[in-house]
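Open the structure in your viewer and keep the selection tool ready. This tour goes stop by stop: what to select, then what is there.

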Amino acid sequence: EGAHARLQALQKLLTGSVRFLAPYEVRQGQETVARLQGDLAARRQQLQPKKKFAFRALKKEAAPGSASRTAEPAPPAPAAPGPGLAEGESGGPPLCGFSGAQDEELELGPAELLQRDVLLSELRGCRVRLRGNPNTLRVRDCRGCTVLCGPVSTSVLVDGCSDCLLALACQQLRTHRTRDCRVYVQVTSRAVIEACTQVSFAPYSWSYPGIEADFESSGLDRSSNNWNLVDDFDWLATDKPSPNWSLIPEQERITCWD
């Protein structure tokens with residue numbers, strides 16, 4: 001917990017320093033913080049106590065005419081990591097998320113998400129609702145998906161995605177190898193894109209019952225939103241805007257998400 005608190009303080013220091021740092025220095029700082037977050041998540045998982053072995057009594061068969069007991073729903077299975085690791089991911093398995101689904105409605109709630117690291121990978125045509133406050137979020141190799149997420153305490157990485165709609169609130173947003181995506185974002189630092197094309201941005205507008213409590217637990221400052229400030233690491237010209245990203249015109253922005 002002490003390391004987590006110090007890492008959050010380091011992230012806030014970096015966020016407050018982006019105004020006078022060079023883009024290369026910002027990138028190096030973000031990569032370092034992301035790597036530390038991944039190391040901390042992996043170490044936290046290693047230190048979790050293992051379940052003790054215990055004998056279980058065999059279930060008795062139900063008496064004739066008795067009502068069968070409804071099985072409790074299983075918790076969401078951890079998403080299996082794909083081949084290779086995206087920048088900032090730890091080597092251990094992610095704590096929760098979804099992987100490999102197609103044309104499904106997927107959802108996680110506050111109790112499942114609170115300060116956990118979430119990975120969404122290799123989804124096709126899915127609609128994902130994450131109502132709660134994760135610690136980090138990775139969206140990797142997804143196609144034609146809608147991802148709606150509550151406030152993320154630290155960083156969001158979107159990597160290798162196409163034709164997706166995303167609603168994200170976070171301290172840090174990094175987007176790599178991504179094209180044809182619309183991102184509704186609240187971010188306290190400047191968003192970063194790299195090797196991206198046709199990515200467009202608008203202010204975060206998704207809402208759900210309990211989102212104010214999730215913002216409070218996340219530590220995000222709702223009054224600080226740099227949704228329209230984007231650093232493109234593939235576009236170094238200062239006198240011309242990058243052709244790789246744009247702002248969604250106000251009349252074309254989504255206002256109703258249901």
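Partly exposed here means a relative accessible area between the buried limit, under 20%, and the exposed limit, over 50%. The model is predicted.

**Stop 1**

Select aspartate 180. Its relative accessibility is 30%, so aspartate 180 counts as partly exposed. Aspartate 180 sits in strand S10. Check the backbone: phi is positive, about 50°, although aspartate 180 is not a glycine. Most residues other than glycine have a negative phi.

Now go to glutamine 115. Glutamine 115 also is not a glycine, and its phi is positive at about 55°. Look for glutamine 115 in the loop between helix H3 (110-113) and S3. With a relative accessible area of 23%, glutamine 115 is partly exposed.

**Stop 2: the sheet**

Show the strands as a cartoon. In what order do the seven strands of the open sheet run? The order is S1-S3-S5-S7-S9-S11-S13, and the pairing is parallel. Strand S1 (96-99) and strand S13 (230-232) stand at the edges. Each has a single partner strand, so one side of each is left without a neighbour in the sheet. On average, neighbouring strands of this sheet are turned by 10° against each other, direction ignored.

Zoom in on S1 and strand S3 (residues 117-121). The two run parallel and are joined by four bridges. To see a bridge pair, select serine 99 and its partner in S3, serine 121.

**Stop 3**

In soluble globular proteins, nonpolar side chains tend to be buried together. Select Leu120, Leu123, Leu137 and Leu173. These are the residues with the most contacts inside the largest nonpolar core, which has 38 residues. Strand S10 (residues 179-187) gives the largest share of this core, four residues.

Centre on leucine 123. Leaving aside neighbours within four places in sequence, the contacts of leucine 123 include Phe98, Ser99, Gly100 and Ala101. Also among them are Asp141, Cys142, Arg143 and Cys145.

**Stop 4: isoleucine 248**

Stay with that last residue. Isoleucine 248 is in the segment after strand S14 (245-247). Buried or exposed: which is isoleucine 248? Its relative accessibility is 6%, so isoleucine 248 counts as buried.

Display the surroundings. Not counting residues up to four places away in sequence, isoleucine 248 touches Arg182, Tyr184, Ser200, Phe201, Ala202 and Arg253. Then draw a distance from the C-alpha atom of isoleucine 248 to that of proline 203. The separation is 9.2 Å, although the two are 45 residues apart along the chain.

**Stop 5: salt bridges**

Side chains of opposite charge can pair when their charged atoms come close. How many salt bridges does the count come to? The count is seven.

Select glutamate 107 and arginine 131. Their side chains meet in a salt bridge, 2.4 Å from N to O. Glutamate 107 lies in strand S2 (residues 105-108), and arginine 131 in the loop between strand S4 (127-130) and strand S5 (136-140), so the pair ties together parts that are 24 residues apart in sequence. Glutamate 107 is partly exposed at 46% relative accessibility. Arginine 131, with a relative accessible area of 24%, is partly exposed too.

Next, select aspartate 231 and arginine 190. This salt bridge spans 3.0 Å, N to O. The pair links distant parts of the chain, 41 residues apart: aspartate 231 is in strand S13, and arginine 190 is in the loop between S10 and strand S11 (191-194). Aspartate 231 is buried, with a relative accessible area of 14%. Arginine 190 counts as partly exposed at 27% relative accessibility.

Move on to glutamate 212 and arginine 222. Here the side chains meet at 2.8 Å, N to O, in a salt bridge. Glutamate 212 is in helix H4 (residues 211-218) and arginine 222 in the loop between H4 and S13, so the pair ties together parts that are ten residues apart in sequence. Arginine 222 is partly exposed, at 39% relative accessibility.

Finish with a selection of three: Asp141, Asp159 and Arg177. A network of salt bridges links them.

Technical notes
Residues are numbered from 1 along each chain as its sequence is written. This is a predicted model: local features need pLDDT of at least 70, side-chain atom pairs count only at pLDDT 80 or more; totals for chains, interfaces and linings use all residues. Side-chain values use heavy atoms; hydrogens and water are left out. Buried means under 20% relative accessible area, exposed over 50%, partly exposed in between (1.4 Å probe, protein chains only). Contact means heavy atoms within 4.5 Å. A nonpolar core is a set of buried Ala, Val, Leu, Ile, Met, Phe, Trp, Tyr and Cys residues joined through side-chain atoms within 4.5 Å. Two strands pair if DSSP finds at least two bridges between them. Axes are lines fitted to C-alpha atoms, for helices over the stretch in contact, and angles run from 0 to 180 degrees between N-to-C directions. A salt bridge is a side-chain nitrogen of Lys or Arg within 4 Å of a carboxyl oxygen of Asp or Glu.
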